[in-house]
Amino acid sequence: MSDSSTPSTTEALGAVLDEHLRWIGQWQRAVFYRDGRGGERASAPASFATWCRAASHDDLLQQPAVQKLANLHEQMHRQARLILLKASGGELPTEAEYEGVVGRFEEFMLHLRRMERAFAAAASGLDPLTGLRTRRGMTEALEREHNRYRRAGEPFCVALCDIDKFKGINDSYGHDIGDRVLAATAAVISRGVRSFDEAFRMGGEEFLVCLKETGLDEGYAVIERLRVDLMRSPVVLPDGRMVPVTASFGLVEAVPDLTVDDLVVCADRALYQAKNSGRNRVIRYGVDRPEEKPVPKTAVRG
């Protein structure tokens, strides 16, 4: 756990970015004007290694995006050191060698800026892909609404949303298109709920909506309209193809004997029922009991 004197992950990445902007200029001067002199200082900025040591304590180094950043950093500086070594012997780099370092530098900086934005969004409790709030603030928001319900009797509902056959979308179109579908679904949810409701990305292709000051009938009308809007909003690909998107929903209304955790569990059960009765529908917990299709022994929700 870092204290207030320790830079945040985002601040530390900012330091890496600033140091490498200075480094590329120092490296170019050492190569072209100083016969490689000063190359020892110019070839190894310390901030990234420091950030990696800190990241190892948080298991961040196991994340694919961080591993990619580390690989780019290692490749860039290995090539840069080789060119400095040649320069110290009076040999200038070829254009291809120079462009190799500069290309790695540009890719590294682009990836670094993306990661800096992602960590900043995560620190703020926002999902960087969808712009919705994450689980980090979800429980607190639900507890706040639950306390208001117990204190003042204000009703509220919880809805879980799961994109239908999302694994098939990833398998058919690739994960980049899958990300587009997630972002587009979040946009439909944001437009479809009322201004005082709250929406969260729970993870993967699952979302949660908290419908405030809302009983089950009104909540059903809101979520059903949201389901139809999503069905009518296919994702258009750059080549003109359209990816149809539907989702299944489980809806539950707060009652006195259900905790916040209970509400989420009940919404999840209703969502599971929606999946197993045909998908692309809203199931109200304890109310809707459609005839379920036979469930295989290895049924997987999707």
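This is a predicted model: local features need pLDDT of at least 70, side-chain atom pairs count only at pLDDT 80 or more; totals for chains, interfaces and linings use all residues.

Biologist: Is Val243 buried or exposed?

Modeller: Buried, because its relative accessible area is 1%, and the cut-off for buried is under 20%.

Biologist: What does Val243 touch, leaving out residues up to four places away in sequence?

Modeller: Ile169, Tyr173, Ile177, Val181, Pro234, Val235 and Leu237. Take Tyr173: it sits 70 residues from Val243 along the chain, and the two C-alpha atoms are separated by 9.0 Å.

Biologist: OK, zooming out. How many helices and strands are there in the protein?

Modeller: There are 10 helices and 7 strands. The protein has 302 residues, and 43% of them are buried.

Biologist: And the contacts between residues at least 6 apart in sequence, what share of those join residues at least 24 apart?

Modeller: That share is 69%.

Biologist: How much accessible surface does the protein have?

Modeller: About 16,400 Å², with 50% of that belonging to carbon and sulfur atoms.

Biologist: Surface patches next. Which residues form the nonpolar one?

Modeller: Phe32, Tyr33 and Leu92, which together have about 370 Å² of accessible area. Phe32 is in helix α1, residues 9-33, and it counts as partly exposed because its relative accessibility is 35%.

Biologist: Which residues gather in the patch of positive charge?

Modeller: Lys68, Arg113, Arg114 and Arg117. Helix α5, residues 95-123, supplies the largest share of that patch, 3 residues. Arg113 is in helix α5, and with a relative accessible area of 37% Arg113 is partly exposed.

Biologist: Where is Lys165?

Modeller: In the loop between β1 (156-163) and α7 (166-173).

Biologist: And is Lys165 buried or exposed?

Modeller: Exposed, because its relative accessible area is 53% and the cut-off for exposed is over 50%.

Biologist: What about Asn280, what's its phi?

Modeller: Asn280 has a positive phi near 50°, and it is a residue other than glycine. You'll find Asn280 in the loop between α10 (260-276) and β7 (282-284).

Notes
Residues are numbered from 1 along each chain as its sequence is written. Side-chain values use heavy atoms; hydrogens and water are left out. Patches are made of residues with over 30% relative accessible area and no salt bridge: like charges are joined within 9 Å, nonpolar side chains (Val, Leu, Ile, Met, Phe, Trp, Tyr) within 5 Å. Accessible areas come from the Shrake-Rupley method with a 1.4 Å probe; for residues, only the protein chains shown count as cover. A salt bridge is a side-chain nitrogen of Lys or Arg within 4 Å of a carboxyl oxygen of Asp or Glu. Helices (H or I, at least four residues) and strands (E, at least two) are DSSP runs, numbered from the N terminus. Buried means under 20% relative accessible area, exposed over 50%, partly exposed in between (1.4 Å probe, protein chains only). Lys and Arg count as positive and Asp and Glu as negative; His and the chain ends are not counted. The place of a charge is taken as NZ of Lys, CZ of Arg, CG of Asp or CD of Glu. Contact means heavy atoms within 4.5 Å.
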